[in-house]
Amino acid sequence: MSATERQILRLANAAAPAGFKQVAILPRTSSLKFSGLLSSSTHSEVTSLDSVSNADLIVVDKVLVSDGLVTKDGLQGGPLDSFLLSALTALNTGGVLVVREDLSQHANPRVTLPSLTDYVDVFRRDISGKYVGFDFYCAEQLDSSIHLTGNYLDFVWILRKKEFTPPAADAATVTFRDFLDKTQYTNTGIGAYEWMFGKDFISPGGYDENIRVLEQFGGFEYGAKMLDIGSGIGGGVRQAAAVYGLQVTGVDLSANMLSEAIVRIHDEKDSRVNYSICDAVTYDFGENVYDYIFSRDCIQHIPDQDALFKNIYKSLKPGGVVLITMYGKGKGAWTEAFKKYNDQRFYHLQTLDEVKERALKHGFEAVHVENMTERFREILTNERAHLEKEKADFFKNYTQAEFDSLYNGWSAKLKYIEADNHNWNLFRARKPA
Ligand code: SAM
């Protein structure tokens with residue numbers, strides 16, 4: 001078996017640890033066979049999936065582009081629907097669909113990567129009286145393609161069949177990934193944020209501030225392994241690799257964000273970097289893997305903080321260090337405007353004391369927490385002044401409505417700080433050696 005087959009099996013097993021007895025493979029290239037390990041049947045046409053039943057694993061290798069289900073003009077709804085419906089019908093509940101596509105020769109990976117991710121993540125159908133779809137586990141780069149051919153666009157989507165409760169008729173979004181991509185992190189939103197924060201960053205202060213934050217680790221061992229949780233369009237990941245020589249994995253649940261990071265790394269070809277579109281709470285990073293875990297202004301999005309801290313603790317090496325900056329809450333009574341801001345974004349803001357308590361509960365030591373809100377105020381003031389001064393440049397790509405949204409958003413945050421509602425916090429701790 002090849003390294004690519006092993007990587008795919010590792011991911012599929014993490015998504016569905018029960019194991020695979022019935023396996024169907026649909027190869028367009030002969031590279032994936034999984035010979036010797038799985039009892040499998042091989043199929044040559046998408047339509048022949050209709051003859052498969054009770055499958056635990058279906059692997060579809062480079063079929064969607066070659067068969068025209070995904071073209072340069074976009075996704076072909078009808079054929080793609082039939083394919084996904086056949087796969088759902090053929091799979092047992094809990095079974096896994098693996099879709100591998102190499103988008104390096106594809107006309108528009110920047111669009112195809114997030115739109116295919118979106119399509120499979122929200123696809124739901126009634127089959128034999130059950131409302132089923134795919135629980136999105138990840139879309140991940142294939143390591144061998146990165147290391148052997150400098151191809152950062154060879155991908156596998158790992159999707160687990162699951163029964164869902166039908167959504168309310170007025171639900172605007174289907175999954176949390178869908179919510180992130182359709183609200184705060186639309187492509188236009190990401191572009192305008194990047195203009196505001198500086199190239200490659202979607203966090204206060206951009207490149208220079210991120211260096212200052214990384215320095216709070218207290219130094220890095222050259223060549224060590226870092227995980228960046230909520231890595232956005234990749235600024236922090238690329239900085240950690242290019243400045244400190246770290247081997248960095250960036251993960252983000254927003255397909256829009258991470259697709260941008262991936263297209264940029266495909267051009268840049270820094271093989272110290274790899275990415276996965278996934279939820280940092282449910283993805284299995286393995287045990288004792290990383291020397292450092294970093295996260296810039298992501299975890300306020302995450303409802304289950306205990307599950308997150310547990311996952312971080314598990315994947316850090318003994319003696320490894322975690323450093324997180326996050327939007328947090330202060331001690332002031334919440335204004336109506338702040339409540340609304342928090343509700344709209346589904347934030348889960350914590351005080352510094354809550355973060356410290358949680359870290360100790362999960363077994364971390366040398367726990368350090370720091371209120372950086374004054375620095376946040378300074379950065380917001382500078383960024384807002386920069387927007388006003390350079391508005392002519394901003395209007396080259398963005399509208400008055402986008403200008404107003406940023407200007408008012410930054411002004412509102414300054415007011416939330418004034419009321420001691422909005423904080424910016426830092427947390428650092430170590431897993432005992
Ligand atoms: N760290 C990046 C930077 O400094 O430019 C991006 C920061 S952005 C404010 C927060 C990021 O967290 C978003 O890209 C969002 O999609 C990501 N995120 C939110 N929930 C997540 C989750 N459960 N797993 C992984 N990423 C998540």
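Counting a disulfide as a pair of cysteine sulfur atoms within 2.5 Å, the structure has zero disulfides. This is a predicted model, in which local features need pLDDT of at least 70, side-chain atom pairs count only at pLDDT 80 or more, and totals for chains, interfaces and linings use all residues. Residues are numbered from 1 along each chain as its sequence is written, and side-chain values use heavy atoms, with hydrogens and water left out.

Select C278 and C138. The closest cysteine sulfur to that of C278 is in C138, 6.5 Å away, too far for a bond. C278 is buried at 1% relative accessibility, where buried means under 20% relative accessible area (1.4 Å probe, protein chains only).

Now show polar contacts (pairs of N or O atoms within 3.5 Å). A polar backbone atom of I202 is 2.7 Å from a ligand oxygen. Ligand nitrogen atoms lie 3.0 Å from a polar backbone atom of A280 and 3.1 Å from a backbone N or O atom of R296. Of the 600 Å² of accessible area that the ligand has on its own, the protein covers 97% (Shrake-Rupley method, 1.4 Å probe).

Finish at helix α13, residues 373-389. Its buried residues are T373, F376, I379, L380, E383 and L387. They lie on the same side of α13 because they cover an arc of only 110 degrees around the axis, taken from the directions from the helix axis to the C-beta atoms.

Note on methods. Helices (H or I, at least four residues) and strands (E, at least two) are DSSP runs, numbered from the N terminus. The expected span of a helix is 1.5 Å times one less than its number of residues. Buried means under 20% relative accessible area, exposed over 50%, partly exposed in between (1.4 Å probe, protein chains only). A polar contact is a pair of N or O atoms within 3.5 Å; within protein, one must be able to donate a hydrogen and the other to accept it, and residues adjacent in sequence count only if both atoms are side-chain atoms.
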